[in-house]
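Here are my notes on this model, point by point. Please read them with the structure open.

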Amino acid sequence: MKNSVFMEEMDAFTYREKLAKDAVVFIPVGALEQHGSHMAMCVDAALTKAMAGATAEALTADTDGALEGIVCSAINFGYRSQQRSGGGFHLSGTTSLSGTTIISLARDICYSLIEDGARKIVFMNGHYENYQFIFEGAELALEKASAEGIKNVKIQLLSYWDFVDDATIQELYPDGFTGWDLEHAGVMETSLMLLFYPDLVDMDRIDPALYTGLPAELPNYDVLPIVADYTPPSGCLSHPGASTREKGIILRDVAVANMVIAIEDERFETHYGVDWKRTIAAFANLVLHFSSNEFGGSTITQQLIKVLTEEDDH
């Protein structure tokens, strides 16, 4: 059996062994949603699972195996697509859940993992509209665990696009960035799909007659019933034409690296503010390369020390 970070590809005994070593468990949350004529409708769930897998692998590599990751099966349906961030749930193909259903799914899956022994859980969101419902489900799972006497659980919620830094945005969007809400089926998602799932993308299906009115110009409020004419005819909110696999590599690498830092920094209760493994490695690097600063301690405390001392070279 192959070595895998994906839970459904593990045998139950390997899964238990990883949990016994305090593995970080990722829960990808996506959606089944239209993404124009050039991409499959599984984008949100597929990309989130792929990004969670890449982050789990990077976490293991960055800690030399001290911290492993397990990626659950993705929640493949999401909350109703909003017109200002996903084109709208009126578009056929977009198959939605109610907020209460997502809360229940997040709560039940999370608590089941806690019962299995998971103590560090990361919800990775890949559908803009899901976040607050995941948050509520996570909080309810945590409250239930606490009521059952399980006090040492930590749950982290994140959306992977929030870990693409400003410098990368400027590099990839030289003509200006409209914001993540209007990136639905745009350069970010299309580039990542060209990287992870190129067979689910067909750039030749970007019909100029269909892909008009992009980026979308939408009111700064919502209307129900949905006014269908507000949504561009393609269902996309920004143009995917500048997407490339190479941009997907950059987006993946930057987001994964920053998510790994965020997950490691949330270990402060375990390592008491100083990550000795990374600190010793950084010191050894300093000795070997004198003033070179190829890497350093990554925790919040250590970064704070750098800021307070105004020293960034050791």
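1. Helices here are DSSP runs of H or I with at least four residues, numbered from the N terminus. On that numbering, Pro225 sits in the loop between α7 and α8. Keep in mind throughout that this is a predicted model.

2. Start with the cis peptide bonds. One joins Leu224 to Pro225, with omega at about -5 degrees. Another joins Leu214 to Pro215, and there omega is about 0 degrees. Pro215 is also placed in the loop between α7 and α8 (245-265). As background, most peptide bonds are trans.

3. Next, backbone phi. Asp64 is not a glycine, yet its phi is positive, about 50 degrees. Asp64 belongs to the loop between α2 (43-62) and β2 (69-71). Ala185 is another non-glycine residue with a positive phi, near 65 degrees. Ala185 is found in the loop between α6 (166-172) and α7. In general, most residues other than glycine have a negative phi.

4. Are these two residues buried or exposed? Asp64 has 65% relative accessibility, so it counts as exposed, the cut-off being over 50%. Ala185 has a relative accessible area of 0%, so it is buried, the cut-off being under 20%.

5. How many cavities of 30 Å³ or more does a search of the whole structure find? The search returns 3. The largest cavity holds about 130 Å³ of space. Its lining comprises 15 residues, and the closest to its centre are Ser85, Tyr128, Trp180, His184 and Glu189.

6. What is the lining of the largest cavity made of? It divides into 4 nonpolar, 6 polar and 5 charged residues. α3 (83-86) and α7 (187-196) each contribute at least two residues to this lining.

7. Salt bridges come to 6 in the count. Among them is the pair Arg107 and Asp108, whose closest N and O atoms are 2.8 Å apart. Arg107 is partly exposed at 28% relative accessibility. Asp108 is partly exposed too, with a relative accessible area of 44%.

8. Arg252 and Asp253 form another salt bridge, with closest N and O atoms 2.9 Å apart. Arg252 is at 24% relative accessibility, so it counts as partly exposed. Asp253, at 39%, is also partly exposed.

9. The side chains of Lys2 and Glu9 are also linked by a salt bridge, 3.4 Å from N to O. Lys2 is exposed, with a relative accessible area of 57%. Glu9 is partly exposed, at 31% relative accessibility.

Terms used
Residues numbered from 1 in each chain as written. Predicted model: local features only at pLDDT ≥ 70, side-chain atom pairs only at ≥ 80, totals over all residues. Heavy atoms only, no water. Salt bridge = Lys/Arg side-chain N within 4 Å of Asp/Glu carboxyl O. Buried < 20%, exposed > 50% of the residue type's maximum accessible area, 1.4 Å probe, protein only. 1 Å grid on protein atoms, 1.4 Å probe; cavity = no way out; pocket = protein on both sides within 12 Å on 5 of 7 lines; lining within 4 Å. Points joined across faces, edges and corners; volume = space filled by probe spheres on them. Nonpolar A, V, L, I, M, F, W, Y, C, P; charged D, E, K, R; others polar.
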